[in-house]
Amino acid sequence: MIPAELYLLLSAALFCIGLFGILTRRNALVFLMSVELMLNAANINFVAFSLQHGNLTGQVFALFGMALAAAEVAIGIGIILVLYRNFSDVDVTKATTMRW
Amino acid sequence: MVHQLPSWAGLAPALALAATALVLLLVDSVDPDTTNTSLLGGVSVVGSLASLAFAVWFIFGGTGIPTSEGGVGTPVLFNGQLVVDQMALFFMIIVASVTALVTLASTDYVENHAYQAEFYALVLLAATGMSVLSAANSLATAFVALELVSLPSYALVAFLKKNRGSVEAGLKYFLIGAVSSAVFAYGISLVYAATGVLRFDGVATAIESGTVQTVVDGTVQAQAGSPAVPMSVLGVGIMMVIGGVAFKIAAVPFQFWAPEAYEGAPAPISAFLSSASKAAGFVLAFRTFAVAFPIESLVSSGEALNWFVVFQVLAIATMFVGNFAAATQEKVKRMMAYSSVGHAGYILIGLAALSATGDGMALSMSAGMAHLLVYGFMNTGAFLFIALAEYWGVGRRFEDYNGLGRQAPLACAAMTVFLFSLAGLPIGGGFFSKFYLFSATLDVGAWSLAAALVINSALSLFYYSRVVKAMWIEEPTGDRSIESYPTGLYTAIVSAAVVTVLLIPGFDYVSSLAFRAVELL
């Protein structure tokens, strides 16, 4: 069996790629894709350790995670659509009517 | 009689909210163009009051108290995924009360908007999520319930879809929320990797015994071969769970969305998010850290995972950031948004004022719970007053409120009660809840927390008084005429003010209820 540490490394790498995308990209759609990467990093952990621990808890959570990620994208696309209608762009740095 | 009901009936407060949301969607599908605000708003208010009635009935009927102490036992559902104990019911009461106030006020606020049925349905779905979150006893149900709170909230913040501020607020809330839920999910996956279970009691058993656990037929037991829990993986997981929680309660370093979302959102939604959503985040934090990550075993394991130090830093930073930023604002709504961040810092004392052996947890956590209940009324009321000002078309700055006290004395008197109670003057329950938090910090000798609480409360009096001064002392500048006095908004504001004042004599009772709830965890 592949050692569990390698799965942790893979998922951590995927998580960091997603985080890097969020911090550097300005396009809201790419932002969404990066969040998906981070959520799937969690799913890799769940499935890998479900096998490791020999119970199904992790696999069930991974299914929940996928369903919730889909729901989140559905809301996100809606918000990005109204963003485009109001600001004529999907650049997340353009929406700056409020300042702190 | 409660003890004759099946255990699923313990979820009645959440089920009532979910059923109301479905009824609203049904009304919407029968008549998609309806703008019958009294029907839609009426159904929502009745539904949330029903939820409140169930929760109050259960909490006084002894649900969550062991039968040996004269209660009727704790309903445990789905193999321990959900528990309806006294703490769950306490937070269900907060959520249902805030939902009732917000939906009542919304009847006037969204009167002329399209998509009203969707608006109320989303509010009630989010409230359902908060109610379920109060009872969540596993990281899996907690994550699903947290998303059920978040997803409708994103849509509600961006509800005014032709208003650039509202859309921008929705976008920022969504982006930060999506990232933090990914961080939370990854944290949960690491906790699962380390302990082999997601149920809070199972995680606690794994930490106490130091061996990976598994759940067989609903009971937690050690895994075959009893492998050891990798504490480093668990530690990273706990930090990421703190990150997910910090977003929901708008604590530093995840507070950036809060001022934008509260300022841009429709004001009743700001009230809903800053009171009920924050309470839901805190119940998740309280239950996770009190039950799943027991501080005494983590500290005695020698791996330096004492999370209360993290919460001490977060609490102090959140108090200072929130209150100092609030003091420099020019707009009332944004000031209230930062004040809400500051209050998250006060309530974090509930998780921060502990000793390394877990002493003082019952006192500090019940103080946090009591403050959340009082805050639920006074903060909702203050945001609903801002909703009233927006309804009248009064501007957003402090100067725009000048002389409002002469035109609307009743609403302004209520607002004065809210603001002074938020600041901690003995005009509402806020004084006692802050005092209780203060005594909790002194109990464990957390002097830095006590000092931060006092300094920030004193500072907050300055910026809250600016609104009171504008309303009552300043002369009105422009000519402003107030034609109508909306019933729904007024009723909601006045009831919130009455409850805030009634919590002065009732505070003793609330705090003992909260103390009992924490003891029974």
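A word on conventions before we start. Residues are numbered from 1 along each chain as its sequence is written, while chains are lettered from A and ligands numbered from 1 in the order in which they are written. Since we have a predicted model here, local features need pLDDT of at least 70 and side-chain atom pairs count only at pLDDT 80 or more, whereas totals for chains, interfaces and linings use all residues.

Let me begin with chain A. Its secondary structure comes to three helices and zero strands, where helices (H or I, at least four residues) and strands (E, at least two) are DSSP runs numbered from the N terminus, and from that terminus on the elements run α-α-α. The C-alpha trace of chain A spans about 50 × 25 × 20 Å along its principal axes. Its radius of gyration, taken over C-alpha atoms, is 17 Å, while a compact globule of 100 residues would have a value near 13 Å, by a rule of 2.2 Å times the number of residues to the power 0.38.

An unreviewed UniProt entry places the feature "transmembrane region" at residues 6-23, 30-49 and 61-84 of chain A; such positions are given in the numbering used here, feature names are shortened, and annotations may be inferred rather than shown by experiment. In the model, residues 6-23 of chain A are 100% helix, with end C-alpha atoms 26 Å apart, and residues 30-49 of chain A are likewise 100% helix, with their ends 29 Å apart.

Now, how does chain B meet chain A? Here 36 residues of chain B are in contact with 33 residues of chain A, contact meaning that the C-beta atoms, placed from the backbone, lie within 7 Å. Helix H5 (139-157), helix H6 (164-195), strand S3 (213-216) and helix H9 (257-264) of chain B each supply at least two residues of that side, and H6(B) gives the most, with 17 residues. By class, the side of chain B that touches chain A has 23 nonpolar, seven polar and six charged residues, with Ala, Val, Leu, Ile, Met, Phe, Trp, Tyr, Cys and Pro counted as nonpolar, Asp, Glu, Lys and Arg as charged, and the others, Gly among them, as polar.

Within chain B, H6(B) also packs against H9(B): their axes come within 8 Å and cross at roughly 145°, the axes being lines fitted to C-alpha atoms, for helices over the stretch in contact, and the angles running from 0 to 180 degrees between N-to-C directions. The contact includes Lys172(B) and Tyr173(B) of H6(B) and Trp257(B) of H9(B), and by class it has five nonpolar, three polar and four charged residues.

A second pair is H12 (residues 307-327) and H18 (residues 447-472) of chain B, whose axes come within 9 Å and cross at roughly 15°. H12(B) is therefore roughly parallel to H18(B), a term for angles under 35 degrees. Among the residues making this contact are Phe320(B) of H12(B) and Tyr463(B) of H18(B), and the classes are twelve nonpolar, five polar and no charged residues.

Finally, the two backbone details. A cis peptide bond, with omega about 5°, joins Val252(B) and Pro253(B), and Pro253(B) sits in the loop between helix H8 (231-248) and H9 of chain B. Asn79(B), in the loop between strand S1 (76-77) and strand S2 (82-83) of chain B, has a positive phi near 55° although it is a residue other than glycine.

Conventions: Parallel < 35°, antiparallel > 145°, perpendicular 65-115°, else oblique. Contact = placed C-beta atoms within 7 Å.
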